[in-house]
Amino acid sequence: MTQPIIETRGLEMRFALPTHFLSREKPVLHALNGVDVAIQPGETFCVVGESGCGKTTLGRAIMGLLTPSAGEILFRGQRIDTMDEKRRKPIRAEMQMVFQNPYASLNPRRNVFDTLAEPIRHLLPDTPAAEVREQVESVLAATGCDPSWQRRLPHEFSGGQRQRIAIARALVTNPAFVVADEPISALDVSIQAQILNLLTDLQADRGLTYLFITHDLSVVEHFGTRVAVMYLGRVMELAQVETIFAQPKHPYTRLLLEAIPKLDGGSFDKPRTPGELPDPVNPPPGCPFAPRCSLADARCHAERPELRGLENGTQVACHHSA
Amino acid sequence: MAMLEVQDLHVAFPRGKRDEVEALRGVNLQLEKGERLGVVGESGAGKSMLAFAILNLIAAPGRVSQGRVMFHGQDLLKLSDRKIRGIRGNRISMIFQDPMVTLNPVLTIGTQMIETLKAHRRISDRDARKLCIERLKQVAIPSAESRMDAYPHELSGGLRQRVVIAIALLTDPELIIADEPTTALDVTIQAEIMSLILKLCRENDVALILITHDLGVVAEVTERIMIMYAGLCVEEGPTKQIITAPRHPYTSGLLKALPQNAGRGQRLYQIPGSMPPITALPRGCAYHPRCEFADNGCRTRIPPLQGGVACFNPLKGASS
């Protein structure tokens, strides 16, 4: 295997919650509990899971927007989470992010040109002004934005157009790695296809590596190379996309797959039992999924399964999968 | 006679001092008892507006400028405030998108449920409480008795939406209007809530108008679909037929654009452009600037809804 472009080793993220002034307890929310992923150059690595599973936290930690409580983050074999800001800056130009909501991620008082020039000016300050302009124009063309948009403000654009601008901003420093956090879920159905196609084209043209965070498995099936299914801050299953759809190994993955509404209908006919994420402040001692799992036995409630490899190449954290 | 019949409904909002723009431009709809209808469209297509207009809930400065909403032969738009309150939340219930906004955060679940019941029925506190617990059990809320004293913030999103459904069912309505009831929820919770709504509608013979942008959900839950675009219904028909053989180019485009309808790694079909805002509608068919089959007729005249589709050049559909 080639050297991964991004690797996390035992990544943990804990958030201290506000304490009651009379209480001695210091509640801590475990958002990530030892996440190990290695993202290979050129792939689309998808992270799926319900809200609260830690998928966004993982993306933000890798980007350096959050400082991990424990563990390591490596970019091309180089540890970046402890790196000082001066040395990290050029690496930040190599890693960029597209956020979920283009109505919130663009500065409403900054025109498109300034929005796009900012990452270059900040991360690569030696770039001459003429080159900045050139780069902005070329990335606008590549993302299907009209050159005339440069002097306009975000409120003049529709959601799809804004997301194109946000993607252009992520690409203006010519990054190798892009974190896309639910980039299409705030958009209308007919626009989602446009943005997904754009991301596919850009990946082909620029050899991008994506970390694609989503809750929508049908998008993963279409778009992803590998997928990590997360639950309560842990990776439950990690597999090639084809494999996970053909042979889902973890009961939680199967639950997610069964929840996708089908155009043929019929899969909602049977009522489902309510289930929800356990409290991330006091996670269950054994397998975090055990309270919702139909296969759970005494061992699952007592002993946490570690991620282990199966014959078909899938990694799964479940006592019952083979 | 149909249970609910919406005839040529127009909703208008003022623009400037004299002018008006129409958010709904003449929508017709019929619903029989126990029938489940999906209303599908992008944001701004007018689907929520339709739900609000049916219950005469359009807030000023908007107004219903034309049309009738006949419910058992009675025009809901002409009823007095007092009379329509006897129907709203009683014979027609609504479920909204975000349960945290629907529920009152400073009242317990029980208080809110009993209040709803007492607004429409003469019932003792004890009987009301009993009925509420029964409904909470019906929507599969664990330990229903103790949840009566819980506040909305103590419940998860999925449980909150179950409470909202339980409230909607309290008065044994004939029709439930659900406006994106699962958009704020996770896929697994969505599957739970939608299968619950489906089961309850079937068991109690309740009609449903499900407003959503998700064709998958509509395909799972409804019997008929209405596709809306820029304030008009562009296609209508049985769910199976529309999903397998759409006739309007817009419906067909929406279906082709779904990732599950494209091969792995293939480019998705994409509808160019975006829906025009109601303030800047093109002449003729509102979809023609995005349509690959548009001709001169489409650019000058609005196609009427004929045989379930509002298009001058419809696709062949199932019969071919």
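Biologist: How many bridges join strand 1 of chain B to strand 4 of chain B?

Modeller: Strands of a sheet pair through backbone hydrogen bonds, either parallel or antiparallel. Here strand 1 (residues 4-15) and strand 4 of chain B are joined by 7 bridges and run antiparallel. Two strands count as paired if DSSP finds at least two bridges between them. Helices (H or I, at least four residues) and strands (E, at least two) are DSSP runs, numbered from the N terminus. Within this pair, B:V11 has B:V64 in strand 4 of chain B as its bridge partner.

Biologist: What should I know about the model itself?

Modeller: This is a predicted model, where local features need pLDDT of at least 70, side-chain atom pairs count only at pLDDT 80 or more, and totals for chains, interfaces and linings use all residues. Residues are numbered from 1 along each chain as its sequence is written, chains are lettered from A and ligands numbered from 1 in the order in which they are written, and side-chain values use heavy atoms, with hydrogens and water left out.

Biologist: In what order do the strands of the open sheet in chain B lie?

Modeller: The order is 2-1-4-5, with 4 strands and antiparallel pairing. Strand 2 (19-31) and strand 5 (74-75) of chain B are at the edges with a single partner strand each, so one side of each has no neighbour in the sheet.

Biologist: How many bridges pair strand 4 of chain B with strand 5 of chain B?

Modeller: Strand 4 (residues 63-71) of chain B pairs with strand 5 of chain B over 2 bridges, in the antiparallel sense. B:F71 stands opposite B:Q74 in strand 5 of chain B. The hairpin of these strands has 2 residues between them, and B:H72 takes a positive phi near 50° there.

Biologist: Which strands stand at the edges of the sheet in chain A?

Modeller: That open sheet has 4 strands in the order 2-1-4-5, paired antiparallel. Its edges are strand 2 (28-39) and strand 5 (78-79) of chain A; each has a single partner strand, so one side of each is left without a neighbour in the sheet. Strand 1 (residues 6-16) of chain A pairs with strand 2 of chain A over 9 bridges, antiparallel. A:E12 stands opposite A:N33 in strand 2 of chain A.

Biologist: Which backbone details in the loops of chain B deserve a look?

Modeller: Start with the peptide bond between B:A60 and B:P61: it is cis, with omega about 10°. B:P61 lies in the loop between helix 1 (47-54) and strand 4 of chain B. Then see B:S143, a residue other than glycine with a positive phi near 40°. B:S143 is in the loop between helix 5 (125-138) and helix 6 (144-147) of chain B.

Biologist: How much area do chain B and chain A bury between them?

Modeller: The size of an interface is often given as the accessible area lost when the parts come together. Chain B and chain A bury about 3700 Å², 56% of it on carbon and sulfur atoms. That buried area is the accessible area (1.4 Å probe) lost on being put together, summed over both parts. By contact (heavy atoms within 4.5 Å), 49 residues of chain B meet 42 residues of chain A.

Biologist: How many salt bridges does the rule find across the interface?

Modeller: The rule asks for a side-chain nitrogen of Lys or Arg within 4 Å of a carboxyl oxygen of Asp or Glu. It finds 2 across this interface. B:R202 forms a salt bridge with A:D269, with the closest N and O atoms 3.4 Å apart.

Biologist: Which helix of chain B gives the largest share of the side that touches chain A?

Modeller: Helix 8 of chain B does, with 11 residues.

Notes. Buried area = accessible area lost by both parts, 1.4 Å probe.
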